[in-house]
Amino acid sequence: MVQTELHQRAARLLTEIGLAAPEDIRAVVPLTGGVASDIARVDLPGRSVAVKFALPKLKVAADWHAPVHRNRAEYEWLRVAAQAAPGIAPKLYGRSEALHGFALEFIAGDDVWLWKAGLLEGRRDAGQAASVGDLLGRVHAASVTRGFDREPFANRDDFHALRLEPYLLYTAQAHPGQAERLTRLAADLYRAETVLVHGDVSPKNILFRDAGPILLDAECATMGDASFDLAFCLNHLAIKALHLPQTRADLLASVLRLWGAYRPHVTWEDAAALEARVCALLPALMLARVDGKSPVEYLDDAGRDRLRAISLTLLPAPPRSLSEFTEQFAHRLEDPS
Ligand SMILES: Nc1ncnc2c1ncn2[C@@H]1O[C@H](COP(=O)(O)OP(=O)(O)O)[C@@H](O)[C@H]1O
Ligand SMILES: [Mg+2]
């Protein structure tokens, strides 16, 4: 049998971490969807595991590089989540420093679905938004406890390269009138180091199974500002509310449900101040999904124009609370004039 390069790397990884011998491997099946890594399902006798290797260059944009050591931050984030939400997080089987790769539980089954796919199919919220808010709150809260090891997450320069530059600073170039505001948001986020930020809390990275939400893809993990994870995730719900009139009200209610479940975990600062920062960042991230380096793929030109217009109205004078935000957002969607 001719083995792919990925097969060989997976075999080396599973050998190094002592999970399986090369001859145990029945198949290595690449998983699609990711842009930053090689991910595969590895079939072993009687079970499958997942392996993930960081790629030195993302598949989306030629000039978007990311150091492979982010694989360590991702694995360490998954470890924190496993402790903060026992019974929900995927099992972890070990990591190879040399291969920039790790193995974890392969999440599959009749009860497993991707949040993004569910939302785009018009599936209504049945507690998912709140469960994500709760999980995020647990992880953030765990990271402010005494003795938390921040060392694997001293990654603000990676976060800058993967998040602040492609989203906020690149967008600032397209909108000189908003450049000062966007640059200031980026600078504040760069400086912050209060909580463990996941960095990519997107419905495309969240699987649900009966036990609860599984948040994957933590390769941007860094110590930072809690508002980033919240605004990043709520942005996805807001853009889907624009895109999907039939579930709009439910999606905007989900914004509030997510925040409502997150909020009780906020011990490290005033929750209202955090909420105000989320509201200030949201329109910037909305604009970034139109004019940044990672534009939303499911909106047509008219949808993008609307999103840009709403973002530009909210950005200079953001609401202070998410209930105001959802009200104003819904209002502007009903009356685009
Ligand atoms: N442990 C896993 N079990 C099942 N599917 C997974 C697992 N890890 C990743 N996937 C699938 O692969 C996709 C890409 O994985 P992700 O970690 O998000 O990589 P990328 O950084 O390339 O986006 C996910 O959206 C999910 O569908
Ligand atoms: Mg992903």
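How many helices and how many strands are there in the protein? The predicted model holds 11 helices and 10 strands. Its radius of gyration is 20 Å, close to the 20 Å that the globule rule gives for 337 residues, so the protein is as compact as a globular protein of that length. Let's start with the whole chain and then visit a few residues one by one.

**The overall picture**

- Along its principal axes, the C-alpha trace spans about 65 × 40 × 40 Å.
- Of the 337 residues, 55% count as buried.
- Take the contacts between residues at least 6 apart in sequence: 70% of them join residues at least 24 apart.
- The protein has an accessible surface of about 14300 Å², and carbon and sulfur atoms account for 51% of that surface.
- As for charge, there are 38 positive and 43 negative side chains, and the centres of these two sets lie 0 Å apart.

**Helix α1**

- Helix α1 covers residues 5–16, and its 12 residues should span 16 Å at 1.5 Å a residue; the end C-alpha atoms are 17 Å apart, which agrees.
- Which residues of α1 are buried? They are Leu6, His7, Arg9, Ala10, Ala11, Leu13 and Leu14.
- The cover over these buried residues includes the strands β1 (27–30), β2 (37–44), β3 (47–54), β4 (92–96) and β5 (101–105).
- After α1 comes Gly18, which has a positive phi near 75°.

- Glu76 sits in helix α2, which runs over residues 70–84. Is Glu76 buried or exposed? Its relative accessibility is 16%, and buried means under 20%, so Glu76 counts as buried.
- Setting aside neighbours within four places in sequence, Glu76 is in contact with Pro152 and Phe153.
- Ala226 belongs to helix α7 (residues 226–243), and with a relative accessibility of 1% Ala226 counts as buried.
- Ala226 is in contact with His140, Val195, Val197, Tyr262, Trp268 and Leu274, again leaving aside neighbours within four places in sequence.
- Ala226 and Ala192 are 34 residues apart in sequence, while their C-alpha atoms are 9.0 Å apart in space.
- Leu120 is part of helix α3 (residues 115–120), and its relative accessible area of 31% makes Leu120 partly exposed.
- What does Leu120 touch, not counting residues up to four places away in sequence? Its partners are Lys240, His243, Leu244 and Tyr298.
- One of these partners, Lys240, is 120 residues from Leu120 in sequence but 7.5 Å from Leu120 in space, C-alpha to C-alpha.

**Two loop residues with positive phi**

- His100 lies in the loop between β4 and β5. Phi of His100 is near 50°, a positive value in a residue other than glycine.
- With a relative accessible area of 26%, His100 is partly exposed.
- Where is Asp217 found? Asp217 is in the loop between β9 (212–215) and β10 (222–224).
- Asp217 is not a glycine, yet its phi is positive, at about 60°. Its relative accessible area is 16%, and Asp217 is buried.

Methods: Residues are numbered from 1 along each chain as its sequence is written. Chains are lettered from A and ligands numbered from 1 in the order in which they are written. This is a predicted model: local features need pLDDT of at least 70, side-chain atom pairs count only at pLDDT 80 or more; totals for chains, interfaces and linings use all residues. Side-chain values use heavy atoms; hydrogens and water are left out. Helices (H or I, at least four residues) and strands (E, at least two) are DSSP runs, numbered from the N terminus. The radius of gyration is taken over C-alpha atoms; the globule rule is 2.2 Å times the number of residues to the power 0.38. Buried means under 20% relative accessible area, exposed over 50%, partly exposed in between (1.4 Å probe, protein chains only). Contact means heavy atoms within 4.5 Å. Accessible areas come from the Shrake-Rupley method with a 1.4 Å probe; for residues, only the protein chains shown count as cover. Lys and Arg count as positive and Asp and Glu as negative; His and the chain ends are not counted. The place of a charge is taken as NZ of Lys, CZ of Arg, CG of Asp or CD of Glu. The expected span of a helix is 1.5 Å times one less than its number of residues.
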